[in-house]
Amino acid sequence: MEEKQAVRSGSHKILMDNRKKGSITGVADVISFDLKEILLETTMGMLTIKGQDLKVTRLSVEKGEVDLTGQIDSMTYTEISSYAKKTEGFITRMFK
């Protein structure tokens, strides 16, 4: 728990090379990933990365670092609280 708290208070940085490779720091958790979308919880909010043939090539949970490859088309931030509300509503609707 202490490690995750340290990541949340750390800095957040994105380095991208020709929209084909990326390195991200300040990652608290990888929520989901597939070939078209990667969803990360970062110190600055939820980060959604969309593209083609996306792959997580390196993940260091202790350091809060993620490396990825593929065709990166977009990166979008949302607040963590708004993501939690959307997830909560979906789960609630499923079990009604």
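Predicted model: local features only at pLDDT ≥ 70, side-chain atom pairs only at ≥ 80, totals over all residues.
1. Strands β1 (residues 13-17) and β2 (residues 21-25) run antiparallel and are joined by five bridges. Across this pair, Ile14 stands opposite Ile24 in β2. Three residues lie between the two strands of the hairpin, where Asn18 takes a positive phi near 55°.

2. Read from the N terminus, the order of elements is α-β-β-β-β-β-β-α.

3. Now to burial and surface. Of the 96 residues in the protein, 28% are buried.

4. On contact range: taking contacts between residues at least 6 apart in sequence, 45% join residues at least 24 apart.

5. Leu54 deserves a look of its own. Where does Leu54 sit? Leu54 belongs to strand β5, which spans residues 45-60. Leu54 counts as buried because its relative accessible area is 3%, and the cut-off for buried is under 20%.

6. Which residues does Leu54 touch, leaving aside neighbours within four places in sequence? Its contacts include Asp34, Leu35, Lys36, Glu37 and Ile38, along with Ile49, and also Thr69, Gly70, Gln71 and Ile72. For Leu35, which is 19 residues away along the chain, the C-alpha separation from Leu54 is 4.6 Å.

Technical notes. Residues numbered from 1 in each chain as written. Heavy atoms only, no water. Helix = DSSP H or I, 4+ residues; strand = E, 2+ residues; numbered from the N terminus. Buried < 20%, exposed > 50% of the residue type's maximum accessible area, 1.4 Å probe, protein only. Contact = heavy atoms within 4.5 Å. Pairing = 2+ DSSP bridges.
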